[in-house]
Amino acid sequence: MTYQVIGTRPIRPDGVEKVTGRAVFGADVQLPGMLYGKVLRSPHAHARIVSIDTAAAAAMPGVYAVVTGADLPEVPMEPAARLGEDQTQIKEIILAGDKVLFDGHPVAAVAALSPDLAEAACRAIRVEYELLLPVTDILDAMKETAPLLHPNLYTNVWGGVRPEKPSNIAGHIPISRGDVAAGFAEADVIVEREFRTSMIHQGYIEPQVATAKVGEDGQVIIWTSTQGSFDARGQVAGLLDLPPGKIRVIPCEIGGGFGGKSKVYLEPLAVLLARKAGRPVQLVMTRAEVFKATGPDPRGIIRAKVGARRDGTITALEGWLAYEVGAFADSAVGSGVSCMFAPYSKVSNLRLDGYDVLTNRPRISAYRAPGAPNAAFAAESVIDELAAMLGIDPIELRLKNAVRRGDLTPAGRRWPAIGLVEALEAARATPHYQTPLQGPNRGRGVAAGFWGNWDGTSSVHLVINRDGSVALTLGAIDLSGSRASMAMIVAEELGIPYAQVKPQIGDTDSVGYSDVTGGSRSTVTTGWACVKAAQDARRHLCEEAARAWDCPVDEVAYVPGTGCVHGGEVLTLKELAEQGPIYGVGTMSGAGGSPAFAVHIADVEVDPDTGKVAILRYTAVQDVGRAIHPAYVEGQLQGAVAQSIGRALYEAYVYDSEGRLLNPNFLDYRLPTFVDVPPIETVLVEVPNPAHPYGVRGVGEAGAVPGAGALANAVCRATGHRLCDLPMTAEQICLASLRHG
Amino acid sequence: MLELITVTATINGDAMTFLCEPRQSLLEILRGELRLTGTKEGCSNGNCGACSVLLDGRVVNSCLVLAVEVDGRHVTTVEGLAREGKLSALQQAILEHAAVQCGFCTPGVLMTATALLRAHPDPTEAEIRQFLAGNLCRCTGYDKIARAVSDAAQRMKEATAL
């Protein structure tokens, strides 16, 4: 199949807006009469709220509304809410109930004439706290003697029964097959280690922001930077007990999300305040608030064990994972379990145990392949150590054990067509891998990673204008350039130039339901909806042509690039559209997963005196199915590498013993900069997803999985020390050298 | 009520007068008073570079400059880069290299890179990366931005040579 548009690299349709400063992001919205909101947050990690006195704040001139947890309606909700990508929000996260459960937990919110005044009013609110013992350690939290965060929370055991006593363990996922003990007995070599990863943040540069207007008729309009406008609508409706039809969410341009902007925090507060004040209200988080009170990526303890025969054949794999979910139930460990050993899951003997554990920290949210990079760091570290012990090339060892179509997945299903072997072979063939790394204090690391990719639902519609241009309205948020690939798909299907398609993101009243842009689903599912909408428009064009020719519609064919044809006659798309607007509608659900594997190669040099890691060369290889816009696919791989570098070398939440966050800013929580990240070479492997019209696989997340493992393996080969804790800071590397000499 | 101070500055070529409180940052005034919202607020303590603007040709974090300090001076924001309906060579290169993902850091990156190319028309990749190290981008992995800046420098050199 040859394509006209797919696979080219056009300029994105919203590009000019983005380079001229005209694109409207959440905080750029300003409404007439708008007030500014601020949130009063708990300075304590765990405390009972004895009393809140808002009288002085409410009496300040220029203060229009003050709200507390008492202003949120009682809505029946499962204590754990719904988990996974289809997320709801828990009302006590929006505004605390009778307890505060993390440093930064919202206690009250104020709307006033200026942000300064709102802040002053927050300071005038008197809150009396009775301090409780904070739960700050994962293993302590799991003990029966630990203080309980929620007295009514019982472990949700996957495929098991609810325990009799409540605990801080929100979830337990056990997976097992074969005989692990026998598998290890069969092994000539066994590697077993315990790894620790830190709580880290998505680090989007745009802080959370929401603006709301509430009419006297109860109609609510929300402007927000969200990954899912319909999710935001649903969450606000659920939290405030409003019919979704009363709420219109207008999505603004979004300054990065990576999973972290899929749950609402400020939106319900903006609505509550706007309703009470009778004026529009905008709330913007400070960077410190973003760190303290949005949804970071979990800290984890991961034990990984692998056994293999001398020839490299893995005989048993075992993993134990405990992930911190923060102060309210959530889950990231499920994907930790399913991704940890996914590249090698054909092994006969496999056991995985995952726990989601509550502590007095902010409740986690999704962060680019949530749960998988931590687990893969552990798994790929022991696999690498195995390769070194057996004297086998690390790519060869992985190839020997790599899963192919028809092999068992970790959960015991069968892999569909996948591209792990192809990705490993492509990695081995790169000029990077073929060039030996020389010099002292240098090391090369390799790792593989897996992400399943979600499908969800997307809706789009298009209208062909009289001049033949196409207005395309998309329901799923564009995080990083998907408008371009959606326009490309429509142009391909209709056989018109890319520039003739004008995509826009609709609001919740102007387009059909679409799930959050997450799970790397957008190009797969929204792209498929675009195919359907274009085909629907083609049908309508054919009907129009059949009317003009006075012939049965099934005698008319649509030929992309030509138009409708019947015998020797042709009516172009433009000629047909001149007769009246032509519509096309597409909704897609159930595209299925699009499993994707990535392989990374990293060369590092470690300064033996300072422990500083310099990344000399980095190559990211990934099975992308089909690259619609290869430049943006490369960009996904490169962005994922940069985030992996942060995870591996720099980033960590640092809390004191009382559970207070010590580094909620970009100086003390260090994101990789231009000088920390090397040029990133990319190799796009295309093993088409057989379920998809264009063979597309999700690409955003798989590339975030192997990076930390590749860098840890490189550091190990450079220094001779296996670092089992992330981040591998210069200090940690020096300490490892001192410990081992 | 606090005493407001009158400030007159040249902003993107226009003489503009505004009132501000002594404690207000240039960023607050640009975004709030002058509605030049292309300049972004990412951290408000000088660590992310999203609010970078040119002050008398030098790149500064506008969150760390008091608005009163710009009296009598020249400020250029991202809104001032395109001239006579034409994008600057840098803006064009950023687009063609797909060096924008979310676009939130882009205005700050453009301002810093503009200052770089004015001072060093022919920078090495290492110089580009060093100069831009104060501009955080979480989406792109920096690769395509560095290539775009290098390409823009090349194009500007060729344009001058003509």
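Modeller: Among contacts in chain A with a separation of 6 or more, 81% join residues 24 or more positions apart. Keep in mind that this is a predicted model. Chain A holds 20 helices and 27 strands. Its radius of gyration is 27 Å, close to the 27 Å that the globule rule gives for 741 residues, so chain A is as compact as a globular protein of that length. The C-alpha trace spans about 85 × 70 × 50 Å along its principal axes.

Now the interior. Of the 741 residues in chain A, 61% are buried. The largest nonpolar core has 301 residues. Within that core, A:I222, A:V490 and A:V715 have the most contacts. Take A:I222. Leaving aside its neighbours within four places in sequence, A:I222 is in contact with A:A210, A:A212, A:A232, A:V236, A:I247, A:V249, A:I250, A:E267, A:A270 and A:V271. A contact here puts the two C-beta atoms, placed from the backbone, within 7 Å.

Next, the domains. Chain A is divided into three stretches of assignment. Domain 1 takes 15–22 + 455–589. Domain 2 takes 31–132 + 206–255 + 261–293. Domain 3 takes 300–453 + 593–740.

Look at the pair formed by domain 2 and domain 3 of chain A. Their centres, taken over C-alpha atoms, are separated by 36 Å. The contact takes 19 residues from domain 2 of chain A and 20 residues from domain 3 of chain A. On the domain 2 side, helix 9 (residues 287–293) of chain A gives the most, with 5 residues. By class, that side of domain 2 has 12 nonpolar, 3 polar and 4 charged residues.

Finally, the partner chain. Here 42 residues of chain A are in contact with 41 residues of chain B. On the side of chain A that touches chain B, the elements giving two or more residues are helix 1 (15–20) and helix 18 (630–650) of chain A. Helix 18 of chain A gives the most to that side, with 7 residues. Sorted by class, the residues of chain A on that side are 21 nonpolar, 14 polar and 7 charged.

Helix 9 of chain A gives the most to the domain 2 side, and helix 18 of chain A gives the most to the side that touches chain B.

How values were computed: Residues are numbered from 1 along each chain as its sequence is written. Chains are lettered from A and ligands numbered from 1 in the order in which they are written. This is a predicted model: local features need pLDDT of at least 70, side-chain atom pairs count only at pLDDT 80 or more; totals for chains, interfaces and linings use all residues. Helices (H or I, at least four residues) and strands (E, at least two) are DSSP runs, numbered from the N terminus. Ala, Val, Leu, Ile, Met, Phe, Trp, Tyr, Cys and Pro count as nonpolar, Asp, Glu, Lys and Arg as charged, and the others, Gly among them, as polar. Domain bounds come from an automatic or database domain assignment. The radius of gyration is taken over C-alpha atoms; the globule rule is 2.2 Å times the number of residues to the power 0.38. A residue is buried if 20 or more other C-beta atoms lie within 10 Å of its own, exposed if 12 or fewer, and partly exposed in between; C-beta atoms are placed from the backbone. A nonpolar core is a set of buried Ala, Val, Leu, Ile, Met, Phe, Trp, Tyr and Cys residues joined through C-beta atoms within 7 Å.
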